[in-house]
Structure formats: C-alpha cells, structure tokens
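I opened my notebook on this one today. Here is what I looked up, entry by entry.

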Amino acid sequence: MAQRDLNKVILIGNIGRDPDLRQTENGSVISTFSLATNTTWMGRDGVRNERTEWHNIVAWNRLAEICHQIVHKGDQIYIEGRLRTRSWNDEKNERHHRTEVITEQMIKLSHHASEVLAKSTQAPQNVSQAEDKQYTGSH
C-alpha cells in the first residue's frame, strides 16, 4: 500500500492585526496577518496557566481580498490550510526561516460591534443567508 503524506492545519483563533494586502510582481494578490490561539491548563499547584501561540497566516488572490475586506483585529476566525516554511538571507547574509499557514479556507466566526449595529439598523436579510460564511481560495 502506498504511503500518503498530509499537510493540513486547522486553527480557530483571534486576529492579531488587520490583514495587509499587496500584489506580487507577477500580479497575484497576497494578504498576511497574525492569528493567536490560546492553550490553557491547570498546573500541579492548582493554578490555571495560559499560553498564546502566534501563527503567520497567508491568503492568496480572491481569498486574500476577502480577508482584507471582512477580517479585522480581534475577530475570531476558522482557518484551514497547509504549512509552508520559507527561508531567505537578509542584507547581512544572515539566514532566516518563517513558517506560515497557507490558507485554503476561512470562516469568520465573530463580528465587530459596529457590524452588529449596522446589521441591526438595516432591513432584515433573507433568513437563508448564513451568519458565518465560508470562503475558499487556492494558490
């Protein structure tokens, strides 16, 4: 039986900074932002501990544009994607590495108070529209 590899990441966390948006030399659109996930545990001494892990998120093309438009610092989102590690040398010829999550799917789980207020002052929307929307992209 052939062995298969799997590079799959699923995260639910809070946006650390508003996504940026830029265009590559070949015309692709890219958005990057940080995502915080928290882990809590009870220590032997009965004290609750918490650790925050920061993830570098990358979205491409249409998904990048959507992230830039609807995702804001503090929002909770679901991200599904794959890990990629880049390496480069800086101007001092020092080697750097950066591990990123290349987003393939994103669902916004929370909404800003201003969005909720704006929705409450608008005419009712079609009930069939889901509150949380799923967006997919590829690169």
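Where does Ser-28 lie? I found Ser-28 in the loop between strand S2 (20-23) and strand S3 (29-42); strands here are DSSP E runs of at least two residues, helices are H or I runs of at least four, and both are numbered from the N terminus.

A note on the source: this is a predicted model, in which local features need pLDDT of at least 70 and side-chain atom pairs count only at pLDDT 80 or more, while totals for chains, interfaces and linings use all residues. Residues are numbered from 1 along each chain as its sequence is written, and side-chain values use heavy atoms, with hydrogens and water left out.

Next I checked the cover on Ser-28. Its relative accessibility is 14%, so Ser-28 counts as buried (under 20% relative accessible area; exposed is over 50%, partly exposed in between, with a 1.4 Å probe and protein chains only).

Then I listed its neighbours. Leaving aside residues up to four places away in sequence, Ser-28 touches Arg-22, Gln-23, Trp-60 and Asn-61, a contact being heavy atoms within 4.5 Å.

I moved on to helix H1 (residues 61-70), where Leu-63, Ala-64, Ile-66 and Cys-67 are buried. Viewed down the axis of H1, the buried residues fall within an arc of 165°, so they line one face of the helix; the arc is that of the directions from the helix axis to the C-beta atoms.

Last, the whole chain. I counted 2 helices and 7 strands, in the order β-β-β-β-α-β-β-α-β along the sequence. Of the 139 residues, 31% are buried. Among contacts between residues at least 6 apart in sequence, 59% join residues at least 24 apart.
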